[in-house]
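Please read this briefing alongside the sequence and the 3D structure. The points below are grouped by topic.

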Amino acid sequence: MTKVEQDSRLDRVGDRLQKVVLGTLRPRRLRDLLHGVPLGHPLHPAMVQVPVGAWISAAVLDLMPGQRRPATVLVGLGTVSAVPAAVAGLNDWAALARDQRRVGLVHAAANTVGLTLYAGSLAARLSGRHGMGRALGFLGLSTVSLGAYIGGHLAYKQGAQVNQSVSELHRMTDGWHSLADMATLPQRTLITREVDDDISVILYRHGDEVTVMLERCPHQSGPLGEGEVQEIDGHACVVCPWHGSAFRLNGGEVVQGPSGNDQQILPTRIQNGVLQTRLP
């Protein structure tokens, strides 16, 4: 897998495919929906449960006598539901870093082969060739299982579409931490401060309320402190300067992808005119 990450030859295909994906999925609302923005959680991992679950169940039924019809129905359900799951995956893939896109390309290729095998399995079953249908189904399950392994490497080793900022919370010590004198905080301006000398947070004052938010963007660790404040759907939001993910400053909810995760807001209090924060 490390060799795949470093294989620049994949970029010729990956770069072209990225342009096609971005050109096809042009409307921002569509891209945000596929990223899982309305859920505050990446959509692709949830969607793949349907085809994977259907195909595994079909494989179990194929090992049992008299289960041809329900196995065929499950193969069909898995094949149909795999298409929107793949679209959501491609949408996420197009917003990744280059080394992640290389692994994602191989992940997508394995799943495409698996989907093709399952389409063939469904066609064979519907034409009465159930032996061929079962054989193609088992080959398809083996192939998508390989694709799932590669997807696990992409998520857990390379951190694709996982919350990049939440690890900051695990390094923060307990108790209240002083950040700034309230009298020095300007209105509606992003200010960057540090907790425990190395955990960066952003401060945003609106009236007498101050939002304290982790500064690293959940998507690819972009510096939210260098972003812009924009009003989106009537809410003040900070927009990441790297990839354009936007988060509400009054709650941390993601309102614009490619991030599919909300951003962490920290509790605050004011003691003797000093703004303080702590772990949630």
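Two strands are said to pair if DSSP finds at least two bridges between them. Strands (E, at least two residues) and helices (H or I, at least four residues) are DSSP runs, numbered from the N terminus.

This is a predicted model, in which local features need pLDDT of at least 70 and side-chain atom pairs count only at pLDDT 80 or more, while totals for chains, interfaces and linings use all residues. Residues are numbered from 1 along each chain as its sequence is written, and side-chain values use heavy atoms, with hydrogens and water left out.

**Record annotations**

- UniProt, in an unreviewed entry, places the feature "transmembrane region" at residues 71–91, 103–124 and 136–156; UniProt positions are in the numbering used here, feature names are shortened, and annotations may be inferred rather than shown by experiment.
- The span 71–91 is 100% helix and 0% strand, with its end C-alpha atoms 31 Å apart, and residues 103–124 are likewise 100% helix and 0% strand, with end C-alpha atoms 32 Å apart.
- The unreviewed UniProt entry also lists "domain: Rieske" at residues 176–277, a stretch that is 0% helix and 50% strand and whose end C-alpha atoms are 5 Å apart.

- Just after H7, Gly-128 takes a positive phi of about 90°.
- H7 packs with helix H8 (residues 130–157) at an angle of about 165°, with the axes 8 Å apart, where axes are lines fitted to C-alpha atoms (for helices over the stretch in contact) and angles run from 0 to 180 degrees between N-to-C directions.
- That angle makes H7 roughly antiparallel to H8, given that angles over 145 degrees count as roughly antiparallel, under 35 as roughly parallel, 65 to 115 as roughly perpendicular and the rest as oblique.
- By class, the contact of H7 with H8 has 15 nonpolar, 15 polar and two charged residues; Ala, Val, Leu, Ile, Met, Phe, Trp, Tyr, Cys and Pro count as nonpolar, Asp, Glu, Lys and Arg as charged, and the others, Gly among them, as polar.

**The sheet of three strands**

- Three strands form an open sheet in the order S1-S11-S10, with antiparallel pairing.
- Strands S1 (177–181) and S10 (268–271) stand at the edges with a single partner strand each, so one side of each is left without a neighbour in the sheet.
- Neighbouring strands of this sheet are turned by 35° against each other on average, direction ignored.
- Four bridges join S1 to S11 (residues 274–277) in the antiparallel sense, and Ser-178 stands opposite Gln-276 in S11.

**The sheet of four strands**

- A further open sheet, of four strands, has the order S2-S3-S4-S9 and antiparallel pairing.
- Its edges are S2 (190–195) and S9 (265–266), each with a single partner strand, so one side of each is left without a neighbour in the sheet.
- S2 and S3 (residues 199–206) run antiparallel and are joined by six bridges, with Ile-191 opposite Leu-203 in S3 and Val-195 opposite Ile-199 in S3.
- The hairpin of S2 and S3 has three residues between the strands, and Asp-196 in this hairpin takes a positive phi near 55°.

**The S5–S6 hairpin**

- Strand S5 (residues 228–232) pairs with S6 (residues 235–239) in the antiparallel sense over five bridges, and Val-229 stands opposite Val-238 in S6.
- Two residues lie between the strands of this hairpin, in which Asp-233 takes a positive phi near 55°.
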